[in-house]
Amino acid sequence: MTETIASLLQEGRTFYPPEELVKNSNVKKFMEKHGIENYEELLEKAKDTEWFWNEMVKEVGIEWYSPPKKVLEWEPPFVKWFIGGKYNIAHDALDKQAKLRKNKVAYIWEGEPGDVRKLTYGELSREVNRFANVLKEMGVKKGDRVTIWLPMIPELPIAMLACAKIGAIHSVVFSGFSEKALLDRILDAEAKILITADGFYRAGKTIELKNRADSILGSAPSVEKVIVYERCGVSTNMEDGRDYWWHEVLKGIPHSCETEQLDANDILFILYTSGTTGKPKGVIHAHGGYAVGVASTLKMIFDLKEDDIWWCSADIGWITGHSYIVYGPLILGATSIMYEGAPTYPAPDRWWDIIEKYGVTVFYTAPTAIRMFMRLGEDYPQKHDLSSLRLLGTVGEPINPEAWLWYYKYIGNEKCQIMDTWWQTETGMQLISPLPITPLKPGSATKPFPGIEADVFDSEGNSLYKKNAGGFLVITKPWPAMLRGLWRAEERYISTYWSTYKDIYFTGDAARIDEDGYFWIQGRLDDVLNVSGHRIGNSEVESALVSHPMVSEAAVVGKPHEVKGEAIVAFVVVKSHVKPDEKLKKELTEHVAKEIGKIARPDEIYFVSDLPKTRSGKIMRRVCRAVMLGKDPGDISTLANPEAVEVVKKAAETGEICYG
Ligand code: WTA
């Protein structure tokens, strides 16, 4: 740690936004227009839900086919926004832009090998229209599900927007997930079409997709057709009558396509996210509210203007990419960067090179990436001119003040406000975040966005507002991009989010609110890990381990990790005839990668003869985690097998195979 950072940390000081930023900010202009004097007054005034969101609709220039009759209908736990409005998000993201900003670049895309493609709004819109026509020809209708397993190439947003355009529901599966994870998601959504690629480039290697998908397609009877984009010339098996090359199906296809006029509350997409059981949850978002939510936060928080170059470094396979690479920036008519590959390939300054080359002005990334670059040292960013940057952001996990300050100093050159944005797949849009006018405290996501009402409750449901005491983060009023449910899992929707407190959205995060009303997010309360900013259910990894023929039981817990935030640690009981060894450890690690994806691979595996359990047979992860971290496991007298605690402890301490 450098000395300046150490001293800044000690000060615990507040960082005031640069005057220039405040003066020219979109939010300041909005306030001036409405005679609002200061931040507090803005938050107060925005409590008038109807007024505020109606104003946001105007701010981001939403165009309805026919205007809504009512802003919202809240029948907890179900919400509808912009009732009666006829709408399609593809209109604002594309049709409108193709007229207003025909020759403006929508995406500057860079492939990992260095190939570059620039797509103007006119071109993007044409490509989407053509692909939408292909989907129609293949029999895709409104409400049908289309699964998309594509890497970070322009065809990914093209495929998503083509679905939106014709009213089909897209379900994007992160390209780093395994084919088994893809299968689960196809089956749950009963997708009619799969869109994928032959492969993609990552860290100098070619990662295959289509050939891997082949191994599960036999188990996915709903999939009638597969469209394959040729990205890297991998020799690919194509099944007659089922598989089609993207470039071939596009031949002779017309460039125009009517946009389907939908209800504002029709479903736009499903995006699966990890929960506390092994089965991922299919989070549902709808066209109208989502459009207003993502565009208004991007405009007000990240202050996007016509000439900005915006780069959100997330993968589109996660919600951050859906909201802030695809829909938000397009609705605002922005120019975005999209990058295919690994952040440190071919050298650890690849990202800084991209920022310099394209003059990126606003940059949004994850704390885990910042920590990784911090370890690599400031020489890499210092080799580049990053002076185009005027605003920075982070998302995905709490940012430790040390990483915050490094980002502030070495990337932002102490002149960029940092937006620490808290939100979730379920919230669709950023909910707690600074605005350009908000004084910052490193490590705090500051305050709820105007119009958002968040609080921290104790277990009885009492508010801990400004009490500086840890509790459960809740959202007390619906917001436009709120999830509309879980795909075909209404009970799970109610029990996960709405059963802790009546009519109050339960986020699953722990937090405290300090005396100034600043929110400090402390991490997840449920059995969900946050590895490099990605949610992975403990039980998901456990089920993957137990699906291996040699494993009988497993407990998976998180351990603090310098770069990833959390590392995955697994305690594994093997079947009685099996002799555990190093080879099996490797095999299990690879097995998890195959079942879920590389991001879920355990960092450490310990073989034990037994795991602590309750009398009803439930494995006590909490106890495993406590002893692994050298903490007091609490009262263990109620366990069915208290002696197992010692076994786990010894295994974690010595790394030896511990058989009771
Ligand atoms: C965590 C990502 C602290 C949190 C958009 C949340 C954060 C989960 C922050 C959602 C932040 C996200 N500070 N924690 N700024 N942003 N989180 O669904 O635990 O992938 O519940 O959405 O990430 O992760 P998800």
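Let's start with Arg 231 and Asp 115. Their side chains meet in a salt bridge, with N to O at 2.8 Å. By salt bridge I mean a side-chain nitrogen of Lys or Arg within 4 Å of a carboxyl oxygen of Asp or Glu. This pair links distant parts of the chain, 116 residues apart. Arg 231 sits in the loop between strand S11 (225–229) and strand S12 (243–245). Asp 115 sits in the loop between strand S4 (105–110) and strand S5 (116–120). Helices (H or I, at least four residues) and strands (E, at least two) are DSSP runs, numbered from the N terminus.

A word on the source. This is a predicted model, where local features need pLDDT of at least 70 and side-chain atom pairs count only at pLDDT 80 or more, while totals for chains, interfaces and linings use all residues. Residues are numbered from 1 along each chain as its sequence is written, and side-chain values use heavy atoms, with hydrogens and water left out.

Back to the pair. Is Arg 231 buried or exposed? Arg 231 is buried, at 14% relative accessible area. Asp 115 is partly exposed, at 30%. The cut-offs: buried is under 20% relative accessible area, exposed is over 50%, and partly exposed is in between, with a 1.4 Å probe and protein chains only.

How many salt bridges are there by this rule? The count is 53. Here are two more. Lys 210 meets Asp 214, N to O at 2.6 Å. Both lie in helix H10 (residues 210–217), four residues apart, about one turn of the helix. Lys 210 is buried, with a relative accessible area of 0%.

Next, Lys 305 and Asp 303. Their closest N and O atoms are 3.0 Å apart. Lys 305 is partly exposed at 24%, and Asp 303 is buried at 0%. There is also a network: salt bridges with shared partners join Lys 210, Asp 214, Glu 239, Arg 242 and Asp 243.

Which atoms face each other? Arg 524 has a side-chain N or O atom 2.7 Å from a ligand oxygen. Arg 535 has a polar side-chain atom 2.7 Å from a ligand oxygen. Glu 397 has a polar backbone atom 3.3 Å from a ligand nitrogen. The protein covers 97% of the 530 Å² of accessible area that the ligand has on its own. Those areas come from the Shrake-Rupley method with a 1.4 Å probe.

On to cysteines. A search of the whole structure finds zero disulfides, a disulfide being a pair of cysteine sulfur atoms within 2.5 Å. Take Cys 416. The closest cysteine sulfur, in Cys 312, is 17 Å from its own, too far for a bond. Cys 416 is buried at 1%. Cys 232 is buried too, at 16%.

Last, helix H19 (residues 538–546). The helix is mostly covered, with seven of its nine residues buried. Among them are Glu 540, Val 541 and Glu 542.

Terms used. A polar contact is a pair of N or O atoms within 3.5 Å; within protein, one must be able to donate a hydrogen and the other to accept it, and residues adjacent in sequence count only if both atoms are side-chain atoms.
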